[in-house]
Amino acid sequence: MEKTLLNLFVSIATLIIFWFWWKVKKIKKDLAPLLPGPRGLPIVGYLPFLGQDIHRDFTELASVYGPIYKLCLGNKMCLVISSPNLVKEVVRDQDKIFANRDLPLAARISSLGANDIVWSPYNSEWRKMRKIFVREILSNKNINACYGLRKQEIKKSTRHVYDKIGQPIDIGQLAFMTSMNALMSILWGHTLEGEEDFKAAIEFRNLCLEMMVVIGKPNISDYIPMLARLDLQGLERKVRKISVGVENFLNSLISRCSNSIDNKQDQGETNELKRDILQFLMKHKDHEDASKSITSSQLKGILLDTVIGGTDTTSTMVEWTMAELMLHQDVMLKVYEELDKVVGSNNSVEEFHLPHLCYLEAVVKETFRLHPALPYLIPRRPSETCTLAGYTIPKGSTIFVNVYAIHRDPVLWQNPLEFRPERFLSEETGNFDFSGANFQYLPFGSGRRICAGLPLAEKMLMYQLASFLHPFDWKLPSNDTELDLSDKAGIVVKIRKPLIAIPTPRLPNPDLY
Ligand code: HEM
């Protein structure tokens with residue numbers, strides 16, 4: 001009897017303690033401060049007030065509501081953060097919770113249902129794809145092994161420019177073709193050749209450009225799902241059409257590669273192809289070990305990430321850097337001085353020169369500061385309800401890391417709107433790199449979802465810039481008195497008016513071209 005009473009007492013006491021603990025937790029939650037943010041309209045929220053350039057809208061709102069604020073867009077709660085401390089909480093302290101992606105409809109379609117690395121949720125499939133990509137495909141060993149191919153492509157591009165001496169050149173297009181060919185040669189062991197290929201690549205570039213704009217546009221279907229069927233802005237139709245073009249381009253490359261692999265195998269040349277990414281990927285397709293096996297959609301998704309992620313961003317940054325240099329002739333002169341000293345006028349640029357081009361590297365860093373290609377990274381989504389800066393952040397909300405605002409914050413940077421590469425040679429910020437270790441400077445993101453192509457991107461960018469600058473002087477066409485550095489929104493932000501420049505040779509020896 002006594003034992004039963006004791007058991008009853010213990011059970012009741014446990015229940016009371018549990019109830020009390022739950023109540024305190026609830027009260028604490030109710031007392032959590034409310035996130036600041038602008039008020040919107042019923043149902044649509046703040047959606048009608050966002051303009052075309054969301055990175056600038058986000059930055060203006062931060063000056064009113066502070067470094068963390070909420071925006072209700074339709075039925076979605078979005079958070080915009082723009083301080084290094086908050087970035088640290090998201091990408092380091094609570095990285096695991098915030099490692100999911102927010103997947104807009106347009107991205108779901110273009111990424112074949114998030115079957116790629118960029119848009120995949122944070123799960124074992126993402127881990128598998130990222131591991132294959134980083135450890136096998138873009139390992140330092142592989143990148144170094146492909147140097148010869150990159151060199152060949154750079155040489156072709158400088159030759160192409162030399163053949164057009166005195167004529168206007170579209171710098172974005174030149175950089176896109178060079179990046180594309182460099183990637184193609186790594187992926188497939190051969191590049192695009194001839195008029196037909198050239199046309200296909202230009203068409204592919206236009207598709208990529210359109211795709212980036214569509215994915216970056218706020219889509220009513222994402223924010224008010226019951227209206228998704230109506231596709232009010234026509235974005236779903238647009239992205240489906242673009243995706244068909246992109247897939248056709250990829251399919252033709254895959255079939256050409258399969259033929260080339262078959263031919264080379266017939267000729268006993270398989271070892272030579274070992275470094276081709278596609279062959280690596282094909283090895284993983286339907287692999288017997290599930291931890292290494294990828295599906296054909298994932299194979300295409302990884303190719304998409306490589307080709308789109310690798311060409312569009314890199315060429316955008318080559319164009320921005322060249323535009324800033326054309327606008328700041330004093331900086332351009334210093335770049336030439338350094339190139340003459342490090343490379344010399346009787347040599348072509350080689351990758352071993354790159355670590356010695358410290359001033360050019362500072363120029364690139366400064367360009368990334370003012371024009372981060374992805375101004376709010378790729379939005380994240382917490383996988384569970386959590387706390388950020390004392391605020392309760394519901395599971396499933398969308399997190400925008402406003403790198404654009406952080407890179408231009410006057411509290412963090414002296415004269416932030418000035419283009420001054422020297423700041424990256426100073427003691428204060430001289431050690432900032434692209435690794436995302438400093439939360440004040442993160443053009444490639446940070447944490448476990450940092451850009452997976454960073455080592456290749458860094459190399460390709462510096463190599464292209466040095467190789468286009470060392471052998472040529474560049475001038476704007478004479479009727480262009482002022483260079484327009486305004487930008488055009490999208491998930492990748494580009495220069496609004498393509499940069500057109502005219503080359504003249506700088507080197508005495510024509511054999512160097
Ligand atoms: C100038 C060139 C580039 C820039 C500025 C850039 C920037 C970025 C940024 C900001 C992210 C998102 C990071 C985050 O959310 O924290 C990203 C992700 C990614 N990038 Fe890049 N990128 C560049 C080049 C490349 C190249 C060359 C490749 C591949 C060959 C590549 C492949 C990827 C992939 C696969 C992801 C997704 C990573 C993940 O979600 O796990 N990127 N990039």
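This is a predicted model: local features need pLDDT of at least 70, side-chain atom pairs count only at pLDDT 80 or more; totals for chains, interfaces and linings use all residues.
Visitor: What makes R150, I154 and T158 in α7 meet Y463, Q464 and S467 in α17?

Guide: Two residues are in contact if their C-beta atoms, placed from the backbone, lie within 7 Å, and by that test R150, I154 and T158 of α7 meet Y463, Q464 and S467 of α17. By class, this contact of α7 with α17 has two nonpolar, three polar and one charged residues.

Visitor: How do α15 and α17 pack, and which residues make the contact?

Guide: Helix α15 (residues 358-370) packs against helix α17 (residues 454-469) at an angle of about 115 degrees, their axes lying 11 Å apart. L360, E361 and V364 of α15 make the contact with L461, M462, L465 and A466 of α17, a set that divides into six nonpolar, no polar and one charged.

Visitor: Why are the buried residues of α5 said to line one face of the helix?

Guide: W126, M129, I132, F133 and I137 of α5 are buried, each having 20 or more other C-beta atoms within 10 Å of its own. Seen down the axis of α5, the buried residues fall within an arc of 135 degrees, so they line one face of the helix.

Visitor: Which residues of α5 are exposed on the other side?

Guide: S124, K131 and R135 are exposed there, where the count within 10 Å must be 12 or fewer.

Definitions and conventions. Residues are numbered from 1 along each chain as its sequence is written. Axes are lines fitted to C-alpha atoms, for helices over the stretch in contact, and angles run from 0 to 180 degrees between N-to-C directions. Helices (H or I, at least four residues) and strands (E, at least two) are DSSP runs, numbered from the N terminus. Ala, Val, Leu, Ile, Met, Phe, Trp, Tyr, Cys and Pro count as nonpolar, Asp, Glu, Lys and Arg as charged, and the others, Gly among them, as polar. The arc is that of the directions from the helix axis to the C-beta atoms.
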